[in-house]
Amino acid sequence: METDNKMTEIAFQIILFAGNGRSCAMEAIQEAKEGNFEEADRLLEEASAELGKAHGFQTKLLQEEASGNGAGVNVILVHSQDHLMTAITVRDLATEIIEIYRNK
């Protein structure tokens with residue numbers, strides 16, 4: 001049971017930091033839309049930092065699994081992975097959208 005609780009706690013950390021990263025990326029697009037490219041760049045950096053934190057928690061889960069201490073898959077874990085991958089995609093697209101605005 002402790003492993004399940006630990007996995008759930010880590011999953012929620014992934015959701016938290018992925019959500020923060022996604023929000024920063026979306027804010028960065030809005031700043032670029034207004035021509036505030038310095039702030040857009042800062043927000044993209046913040047998004048990457050938050051996603052890096054989420055990825056760090058994901059790595060912990062992978063290490064646990066590799067060492068034979070995985071607790072199986074649960075819905076919260078799947079949800080957290082979905083959040084992380086979506087947030088990474090939003091950040092990557094935000095980078096491209098900002099470049100479009102910058103070169104307009």
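This is a predicted model: local features need pLDDT of at least 70, side-chain atom pairs count only at pLDDT 80 or more; totals for chains, interfaces and linings use all residues.
Q: Which residues does helix H2 cover, and how far does it reach?
A: H2 runs over residues 37–66, which is 30 residues. From its first C-alpha to its last it reaches 42 Å, close to the 44 Å expected at 1.5 Å a residue.

Q: What follows H2?
A: Glycine 68 follows H2, and its phi is positive, near 85°.

Q: Which residues of H2 are buried?
A: Among them are Phe37, Leu43, Leu44, Leu51, Phe57 and Leu61. Glu50 and Gln58 are also on the buried list.

Q: Why does glutamate 50 count as buried?
A: Its relative accessibility is 11%, and buried means under 20%, so glutamate 50 counts as buried.

Q: What does glutamate 50 form a salt bridge with?
A: Lysine 53, with the closest N and O atoms 3.0 Å apart. Lysine 53 counts as partly exposed, at 39% relative accessibility.

Q: Why does a spacing of three matter in a helix?
A: An α-helix has 3.6 residues a turn, so residues three or four places apart point the same way.

Q: How many salt bridges does the structure hold?
A: Seven. One of them joins the side chains of arginine 102 and aspartate 41, at 2.6 Å from N to O. Arginine 102 lies in helix H3 and aspartate 41 in helix H2, so this pair ties together parts that are 61 residues apart in sequence.

Q: Are those two buried or partly exposed?
A: Arginine 102 is partly exposed at 30% relative accessibility, and aspartate 41 is partly exposed at 28%.

Q: What about glutamate 99?
A: Glutamate 99 forms a salt bridge with arginine 102, the closest N and O atoms being 3.0 Å apart. Both lie in helix H3, three residues apart, about one turn of the helix.

Q: Which residues are linked in a network of salt bridges?
A: Glu39, Arg42 and Glu46.

Q: Changing topic, how much space lies in the largest pocket?
A: About 210 Å³. Of the 16 residues that line this pocket, Met7, Leu61, Leu62, Glu65 and Leu77 are the closest to its centre.

Q: Which helices supply the lining?
A: H1 (2–33), H2 and H3 (75–102) each supply at least two residues. H2 gives the most, with five.

Q: How do the lining residues divide?
A: Into seven nonpolar, six polar and three charged.

Definitions and conventions
Residues are numbered from 1 along each chain as its sequence is written. Side-chain values use heavy atoms; hydrogens and water are left out. Helices (H or I, at least four residues) and strands (E, at least two) are DSSP runs, numbered from the N terminus. The expected span of a helix is 1.5 Å times one less than its number of residues. Buried means under 20% relative accessible area, exposed over 50%, partly exposed in between (1.4 Å probe, protein chains only). On a 1 Å grid over the protein atoms alone, a cavity is a set of points where a 1.4 Å probe fits but cannot get out, and a pocket is an open set with protein on both sides within 12 Å along at least five of seven lines; lining residues have an atom within 4 Å of a point. Grid points are joined across faces, edges and corners, and a volume is the space filled by probe spheres set on the points. Ala, Val, Leu, Ile, Met, Phe, Trp, Tyr, Cys and Pro count as nonpolar, Asp, Glu, Lys and Arg as charged, and the others, Gly among them, as polar. A salt bridge is a side-chain nitrogen of Lys or Arg within 4 Å of a carboxyl oxygen of Asp or Glu.
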